[in-house]
Amino acid sequence: MRTYSSDKPYMCDKCMMSFTQKSYLKKHVRVHTCEEQFSCGVCWRLFVNDYNLKQHMRTHTDEKPFVCGVCCKSFARKDMLNIHMQTHTGEKPYVCNICSKSFAVKHYLSKHRRIHTGEKPYICEICCKAFGYVGDLRKHLRIHTGEKPHVCNTCCKSFSRKDALNMHMNTHTNEKPFECDVCHTKFAYRAYLRKHMHIHTR
């Protein structure tokens, strides 16, 4: 049973799920009112219109149709490309008032400030775990959906995270980038190196 929490004062009167901000509650309520009619067929996330659903689907397909004319880096959304273009000017007018680190894009400064504040505005609506960055929330949601969008082109094994796929590729290339500082034995995975290190610490 969900109970009131001062950390999450905004509670849904339908399912008793609580949220840190009123805006999160308003967004959540749409699930109950059926205001969000457009559903993702992969993770079942709901959207208020077809445009937002199409934008979201690119997170599953890795489609990135918006390409930077300077460095050829591609993006899933036009606004992300616009933000990226500011990095080519070299200007960094947005300065953190805590550590003085500067950023080319205001959005990046806002994200950076969460390091200092500990703010975690992105909340999983399934288990209520909170995240500082939307990308981390997307990765987390795959635990619930079972989605594994990153597929090995060699053996077709799939993974929920890109870094897990990159590590897996070492098994096909025989690359062993993790080396023991003591005996110089090399391993394909960092986890294998950690396990090996126990030999030297006994």
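Asn-174 is exposed, with a relative accessible area of 63%; here exposed stands for over 50% relative accessible area, buried for under 20%, and partly exposed for values in between, using a 1.4 Å probe and protein chains only. The model is predicted, so local features need pLDDT of at least 70 and side-chain atom pairs count only at pLDDT 80 or more, while totals for chains, interfaces and linings use all residues. Residues are numbered from 1 along each chain as its sequence is written, and side-chain values use heavy atoms, with hydrogens and water left out.

Asn-174 sits in the loop between α6 (162-173) and β13 (178-179), where helices (H or I, at least four residues) and strands (E, at least two) are DSSP runs numbered from the N terminus. The phi of Asn-174 is positive, near 65 degrees, in a residue other than glycine. Ser-100 likewise is a residue other than glycine with a positive phi, in this case near 70 degrees. The loop that holds Ser-100 runs between β7 (94-95) and β8 (102-103), and Ser-100 is exposed, at a relative accessible area of 55%.

The buried residues of α2 are Leu-53, Gln-55, His-56, Arg-58 and His-60. An α-helix has 3.6 residues a turn, so residues three or four places apart point the same way. The cover over the buried residues of α2 includes β3 (38-39), β4 (46-47) and β5 (66-67), with contact taken as heavy atoms within 4.5 Å. Asp-62 follows α2 and has a positive phi, near 65 degrees.

Tyr-10 counts as partly exposed, at 32% relative accessibility. The C-alpha atoms of Tyr-10 and Lys-22 are separated by 5.9 Å, although the two residues are 12 residues apart along the chain.

An unreviewed UniProt entry places the feature "domain: C2H2-type" at residues 10-37, 38-65, 66-93, 94-121, 122-149, 150-177 and 178-202; the positions follow the numbering used here, feature names are shortened, and annotations may be inferred rather than shown by experiment. Residues 122-149 are 43% helix and 14% strand, with end C-alpha atoms 21 Å apart. For residues 178-202, the end C-alpha atoms lie 21 Å apart, and the span is 48% helix and 16% strand.
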